[in-house]
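Have the viewer open and follow along.

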Amino acid sequence: MREKETSAACRMTRAVPYFLVDDVFATAEFYRDVLGFRFDQFFGDPPSFTIVERDDVRIMFRQLRPARPPVARPNRTVMDETFDAYIYVSDVDELAAELRVGKADIVEGPVDRIYDMREVLVRDCNGYVLAFGQG
């Protein structure tokens, strides 16, 4: 397959995951208290959206009203080892130690991968799995 030529003037600089959750308040508090993110406010009437951030990483959360039926996550049914978002970090071992203190649900790691990344996988309060990796 031939690669499409892209303009050097237009670079993609960041991706921000957008997750549907059952409780936007509990999710934001989990990301603050367990994963070290921060948040400033909730949006909507009634409040149903927030953005958490840590350093240059942001994650958006939307709570649907009325509550949605449980969402099947195709990745989860195919492979238990997969993840919903990948976040690059400067020191995965330091992060893993911090997450252990916060009682995070560490699914795996830190572990060295064959593709030259060291990773730790963490399950959040909604069942989403975040991979934190260091090259």
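Q: Are Phe30 and Tyr31 buried or exposed?
A: This is a predicted model, where local features need pLDDT of at least 70, side-chain atom pairs count only at pLDDT 80 or more, and totals for chains, interfaces and linings use all residues. Residues are numbered from 1 along each chain as its sequence is written, and side-chain values use heavy atoms, with hydrogens and water left out. Buried means under 20% relative accessible area, exposed over 50% and partly exposed in between, with a 1.4 Å probe and protein chains only. On that scale, Phe30 and Tyr31 are both buried.

Q: What kind of aromatic pair do Phe30 and Tyr31 make?
A: Rings of Phe, Tyr and Trp (its six-membered ring) pair if their centres lie within 6.5 Å; planes under 30 degrees apart count as stacked, over 60 as edge-to-face and the rest as tilted. The structure holds eleven aromatic pairs. For Phe30 and Tyr31 the centres are 5.7 Å apart and the planes sit at 70°, so the pair is edge-to-face.

Q: How do the planes of Phe43 and Phe49 sit, and what is the pair called?
A: Phe43 is partly exposed at 36% relative accessible area, whereas Phe49 is buried at 12%. Their rings are 6.1 Å apart centre to centre, with 50° between the planes, and the pair is tilted.

Q: Which residues of helix α3 are buried, and within what arc do they fall?
A: Helices (H or I, at least four residues) and strands (E, at least two) are DSSP runs, numbered from the N terminus. In α3, residues 92–101, the buried ones are Val92, Leu95, Ala96 and Leu99. They line one face of the helix because, seen down its axis, they fall within an arc of 100° (taken from the directions from the helix axis to the C-beta atoms).

Q: Which residue caps the N-terminal end of α3?
A: A polar contact is a pair of N or O atoms within 3.5 Å; within protein, one must be able to donate a hydrogen and the other to accept it, and residues adjacent in sequence count only if both atoms are side-chain atoms. Here a side-chain oxygen lies 3.2 Å from the backbone nitrogen of Asp93. The residue supplying that oxygen is Asp91.

Q: What share of the protein's residues count as buried?
A: The secondary structure comes to three helices and eight strands, which run β-α-β-β-β-α-β-α-β-β-β along the sequence. Of the 135 residues, the share that counts as buried is 33%.
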